[in-house]
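Welcome, and please keep the sequence and the 3D view open side by side. The short sections below walk through strands, sheets, helices, a pocket and a few single residues.

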Amino acid sequence: MADIKIVVDSGSDIPQDIADKYDIGVISFLSLFGEEQYVQRADITNEEFYDKLESFDGFPTTSQTPYADMYDYFKRQCAEHKSVIYFALSGAASGQYQTANLVRNEIIEENPDADFHIADTQKFSLYIAQTAVHAAQMAQSGAGAAEITAECEKYIKAWRCFLLVDTLKYLEKGGRLSKTAAFVGSLLDIKPILTIENGLVESMDKLRGKKKLMDKLIEKVSEDEDFDSSNPRFLIVQSDENRGKEVCEKLKDEFGEECIKMYGEFGPLIGTHVGRGAIAIIAGIKEEK
């Protein structure tokens with residue numbers, strides 16, 4: 001087994017039991033409610049975050065891991081392990097990846113033997129968590145850090161996100177949706193299906209009405225021309241436990257008990273923009289030939 005430390009950030013939404021199982025490190029973004037500052041996963045639980053989000057008179061923001069904290073963490077990991085691989089949140093959406101590279105440069109300048117790899121995942125949430133697990137499993141099988149990093153940059157592209165939100169107000173408040181689009185969508189009961197392309201959240205499709213939304217969402221996934229129906233596999237992430245359980249049961253009924261590969265909850269980083277009631281199916285897609 002290669003001595004490789006796999007690291008993600010709180011934007012990965014990795015469940016803590018999985019992080020513990022594979023010894024995956026997690027560095028945290030900050031959540032800011034006015035003058036109040038919280039370290040995600042340490043100072044505030046997901047439930048507490050959503051309660052504050054709904055009661056806060058304004059719009060909370062997020063901030064990168066402070067440089068000094070990131071430097072201290074990665075310096076220690078590089079000293080304790082032969083290699084370190086950090087799968088960073090999309091560099092198109094956050095400066096975290098760029099900051100990590102500055103940290104890496106400083107560490108390598110001080111210690112040229114440090115083997116420190118950073119991958120811009122161009123993704124969010126369980127995309128990253130599942131890729132980190134894949135990396136940890138490769139390390140357990142003896143693969144080297146460079147091989148793991150290269151393989152995982154391909155692996156993370158083998159999934160596609162179908163995200164449905166319950167309310168458009170947080171996307172509108174965060175500038176991800178125009179006021180007009182949010183108003184019209186709410187008025188006509190239009191629910192956009194969002195995905196992640198080129199490192200950013202983009203609109204993919206839309207659903208109308210309020211009935212059988214989970215059935216309609218699963219139907220959209222199944223109809224996607226790239227969906228790998230020969231090897232159905234799903235990552236489910238939610239900020240509504242009831243919807244999460246409903247989707248899992250429906251997918252298991254249709255595709256088998258083993259089709260759910262990871263289940264998690266949107267933490268504060270993504271939750272700032274989707275609010276409570278969101279559900280995402282991240283589905284395995286066919287390999288490019």
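## A covered strand and its partners

Strand E11 (residues 234-238) and E13 run antiparallel and are joined by five bridges. Helices (H or I, at least four residues) and strands (E, at least two) are DSSP runs, numbered from the N terminus, and two strands pair if DSSP finds at least two bridges between them. In this pairing, Gln-238 stands opposite Ile-279 in E13. E13 also pairs with E8 in the antiparallel sense, over six bridges, and there Leu-164 is the residue opposite Ile-279.

How many residues of strand E13 (residues 279-284) are buried? Six of its six residues are, and the strand is mostly covered; buried means under 20% relative accessible area, exposed over 50%, and partly exposed in between (1.4 Å probe, protein chains only). Ile-279, Ile-281 and Ala-283 point one way from E13, while Ala-280, Ile-282 and Gly-284 point the other way, and all are buried.

## Where the model comes from

A word on provenance: this is a predicted model, in which local features need pLDDT of at least 70 and side-chain atom pairs count only at pLDDT 80 or more, while totals for chains, interfaces and linings use all residues. Residues are numbered from 1 along each chain as its sequence is written, and side-chain values use heavy atoms, with hydrogens and water left out.

## The parallel sheet

Now to an open sheet of four strands, with parallel pairing and the order E2-E1-E6-E7. Strand E2 (25-27) and E7 are at the edges with a single partner strand each, so one side of each has no neighbour in the sheet. From one strand to the next the twist averages 25°; axes are lines fitted to C-alpha atoms, for helices over the stretch in contact, and angles run from 0 to 180 degrees between N-to-C directions.

Strand E1 (residues 4-9) and E2 run parallel, joined by three bridges, and Val-7 has Gly-25 in E2 as its bridge partner. Helix H4 (residues 96-110) packs on this sheet, touching E1, E2, E6 and E7, and its direction makes about 165° with that of E7. Contact here means heavy atoms within 4.5 Å. Helix H3 (residues 67-80) lies across E1, E2, strand E6 (83-88) and E7, and runs at about 165° to E2.

## The antiparallel sheet

Three strands make another open sheet, in the order E4-E3-E5 and with antiparallel pairing. Its edges are strand E4 (36-39) and strand E5 (61-63); each has a single partner strand, so one side of each is left without a neighbour in the sheet. The twist averages 30° from one strand to the next.

Strand E3 (residues 30-33) pairs with E4 in the antiparallel sense over four bridges, and Leu-32 stands opposite Gln-37 in E4. Helix H2 (residues 46-55) packs on the sheet, where it touches E3 and E4, and its direction makes about 30° with that of E3. Helix H2 includes Asp-51, which is partly exposed with a relative accessible area of 39%. Asp-51 and Arg-276 are 225 residues apart in sequence, yet 9.3 Å apart in space, C-alpha to C-alpha.

## The largest pocket

How much space lies in the largest pocket? About 770 Å³. For the method: on a 1 Å grid over the protein atoms alone, a cavity is a set of points where a 1.4 Å probe fits but cannot get out, and a pocket is an open set with protein on both sides within 12 Å along at least five of seven lines; lining residues have an atom within 4 Å of a point. Grid points are joined across faces, edges and corners, and a volume is the space filled by probe spheres set on the points.

The largest pocket is lined by 30 residues, of which Lys-154, Ile-156, Lys-157, Ala-158 and Glu-288 are the closest to its centre. Strand E7 (115-120), helix H5 (126-140), helix H6 (145-155), strand E8 (159-164) and strand E9 (190-197) are the elements that give two or more residues to the lining. H6 provides the largest share, five residues. By type, the lining divides into 10 nonpolar, six polar and 14 charged residues, where Ala, Val, Leu, Ile, Met, Phe, Trp, Tyr, Cys and Pro count as nonpolar, Asp, Glu, Lys and Arg as charged, and the others, Gly among them, as polar.

## Two loop residues with positive phi

Gln-122 lies in the loop between E7 and H5. Its phi is near 60°, a positive value in a residue other than glycine, and at 38% relative accessibility Gln-122 counts as partly exposed.

Asn-198 lies in the loop between E9 and strand E10 (200-208). Although not a glycine, Asn-198 has a positive phi of about 55°, and at 64% relative accessibility Asn-198 counts as exposed.
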